[in-house]
Structure formats: structure tokens, C-alpha cells
Amino acid sequence: EPATTILAIETSCDETAAAIVINGTEVRANIIASQIATHRRFGGVVPEIASRRHMENIVPVVAEAMATAGLSFTGLDAVAVTYGPGLVGALLVGLAYAKSLAYALDKPLIGVHHLLGHIYAGFLQYPHLPLPAACLVVSGGHTSLVYLESHTCRRILGATRDDAAGEAFDKVARVLGLPYPGGPELEKLAREGNPRAINFPRAWLEEGSLDFSFSGLKSAVINYLHHARQTGTEVNLADVAASFQAAVVEVLVTKTIQAARRMATRSILLAGGVAANSSLRQELAAAGREAGLPVFCPSPALCTDNAAMIACAAYYQYLRRDFAPLDLNAIPDLPL
Ligand code: KG4
Ligand code: ZN
């Protein structure tokens, strides 16, 4: 069987990324131009600035991917691109580029859902991970438990009712005075703290619910800091970070195991930017061992936004000829 070489482009938020992946597993190039330094002084992503930076970055980032892979454009079998969800202006830059290239090369265009891309970081690294799987998708914008029956059949078992897990990390990091993006910074601080120092609330919701809620926890942290400041009590910020992280991780892990048990899955998959968190990875792996279920956590660099995961998702779409028309549009709130 001939090899399938896919160029994928990802510009849904603040990383301009391009990757070349063969047969959905062999990563020949995985280039990411991060805009963190640009957005840091604003404390978050500024959409208009992100779009402009994508415009500046997209041509050199793709050129670097092609050079790294040692390929010319004519060596590509398809061009894949993230078309949602994400910032509309940011998505449009990648889309315009990908559509133009697919048209010029007369190769198929493949539109990829960003969260499906996160899920396929798992198949990129573990092509034979046993299905059905329970997949916890935790990113800056989304938190969902997804039942993956096959490559074409999936179902959402639960989702956040308010803040996404990554959003909670970022907001709490901000009140702790940590720089953007807060998730990784908070994890670093938490390493020096005691996760049992403060008993922050865990939102289990109704009996049997696989939904999540993190806004109450976020408020509890803010109230704790506010109360300490008013009463002049000294606060150990590392303890606050560790106790907050422990509360998030406990709920995520418990509900993921519940989902896997309820659906009698053969494995558990962790996906999305928050999957880079080592406490979450360790706790989920331990809980999986106890439940007798293999847990797959892609390496941290594949968990946060990148284009290699988009190329992998695109490969499975390529196999079933799931191609997009050249008038494919950006859909900021694309459902999974
Ligand atoms: O998937 P991603 O790169 O972008 C989105 O699609 O949103 O996820 C970014 C989110 C941010 O909220 C970031 O703070 C969080 O993932 N994150 C982490 C860690 N690394 C990234 N959260 C906790 N611990 C980490 N190590
Ligand atoms: Zn993402």
C-alpha cells in the first residue's frame, strides 16, 4: 500500500503550526511558532493580534515544515486544516492558506475539528490503542468525556457546565499572580505545595452525572485569598496551587474512570492541553491500574496545540475520503 503524506495546518488560537505526517503515525516535521511572548503582556490571547501574527508566520512555518521533511509540495497527498472551534480570525488565516494550496496542487482538502485533533494525538502515538475508549478531553476552551466506539462513531458522555479545566487553571493562576499561560506555571508552583493543605470543594453534581463544573472551585480559591488578605493571614501560595490542582484532578480522574466503567471500554485516553499536567497524568494512570484499564497519555508536546495531531486525524478522514469543498469556512463554535 502506498504511503500517504499529509501537510496539516493549525491556527485556531495562538500557535501557528504546520506538520507533515506519513500514514498518520510517522511525524516528519512538527513546527510550532508560539505567540506566548506576544500575548503575555496582555494576560491572555488578543484575537486581532493573534490573526496578524498568524499572517506573518504561516508562510515561513509551512516552509520550515517542508524543509524539515525534505519534501516539495508535489510530494503531498492532501492538505489538512483546523476549521473550528477557535478564534474566527485566527482560523481564517490557516484556512485561506490551506485552501489556496490544495487548489494550486489539485490535492484534496481535509477539514479537521480541533478537539478531534487533540484526541488523535493519542492515535498518532498509539495507533493500536484499544477501542472502545473513554477519552477525557481537557483544553483551554473545552472539557468533555467522549466515548470513542470507533474512528467514525463517538458520543459525548459529559462536558463542563461552566469553565473549562484549562480556563480554571489559567484564571486561578492569574489570581495567584502567575504569568500567562497559567496552567504550566501553576503546576510548577504546586510542586512545592501540600495538596492536602486546603480542602477546596469538588463539584460532583447530581448522582451519576459525568458533567463537570469548575467555576465554584475557582470562586472558592478567590474567596480564600480575599479572606486571608482581609484578616491579614499569611498565605502559602504553593499550598493554594497544590490544593486547587488536587481538587481539579480528583474530579477529572474519578469521572473518567466512572465513564470507562459505565461504557465497559477497553482503554482510557487523555487529550488536550491540560493533559500535559503531570499530576493529572500520574493520578489517571494510577486509577487506571487499579481499575485494570490501560491509560494512554500522549507525550506533553503532543497534548498542547500542534499540527501533527491534526495531520493524524486527517489521515483517518483521508482513508474514508472525507474531503472538504474549497468553500470550507471557519466555524468558531463547531460541535464535536
Ligand atoms: O489544548 P490547548 O493547548 O489549547 C486549547 O485548545 O485550548 O490547551 C491550553 C490549555 C491552557 O488553559 C493551559 O493553561 C493548559 O492547557 N495547560 C495546562 C498545562 N499545560 C497547558 N494546565 C495545567 N497543567 C499544565 N502542565
Ligand atoms: Zn487545543
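**Conventions.** I number residues from 1 along each chain as its sequence is written, and chains are lettered from A and ligands numbered from 1 in the order in which they are written. In this predicted model, local features need pLDDT of at least 70 and side-chain atom pairs count only at pLDDT 80 or more, while totals for chains, interfaces and linings use all residues.

**Entry 1, domains.** I looked up the domain assignment, whose bounds come from an automatic or database source. It gives domain 1 (5-118 + 304-319) and domain 2 (131-297). Eleven residues from domain 1 and 13 residues from domain 2 make the contact; two residues are in contact if their C-beta atoms, placed from the backbone, lie within 7 Å. On the domain 1 side, helix H1 (36-40) and H4 each give two or more residues. H1 gives the most there, with three residues. I took helices as DSSP runs (H or I, at least four residues), numbered from the N terminus. Over C-alpha atoms, the centres of domain 1 and domain 2 are 28 Å apart.

Which residues come nearest to ligand 1? Of the 20 residues around ligand 1, they are Gly-140, Gly-166, Gly-183, Gly-273 and Asn-277. A residue counts as near if its C-beta atom, placed from the backbone, lies within 6 Å of the molecule. Helix H5 (165-175) and helix H6 (182-190) each give two or more residues to this shell, and H6 gives the most, with four. Ligand 1 lies between domain 1 and domain 2, because both give residues to its shell.

I checked the UniProt record, an unreviewed entry, which lists His-114, His-118 and Asp-305 under "binding site". Its positions are in the numbering used here, feature names are shortened, and annotations may be inferred rather than shown by experiment. The listed residues are spread over 192 residues of sequence but cluster in space, with a largest C-alpha distance of 8.9 Å.

Is His-114 buried or exposed? His-114 is buried, with 25 other C-beta atoms within 10 Å; buried means 20 or more such atoms, exposed 12 or fewer, and partly exposed in between, with C-beta atoms placed from the backbone. I find His-114 in helix H4 (residues 114-125). Beyond four places in sequence, its contacts include Ser-12 and Thr-82. Asp-305 sits in the loop between helix H10 (300-303) and helix H11 (308-319). Asp-305 is also buried, with 25 C-beta neighbours inside 10 Å. Leaving out residues up to four places away in sequence, Asp-305 touches Glu-10, Cys-13, Glu-15, Ala-17 and Gly-273.
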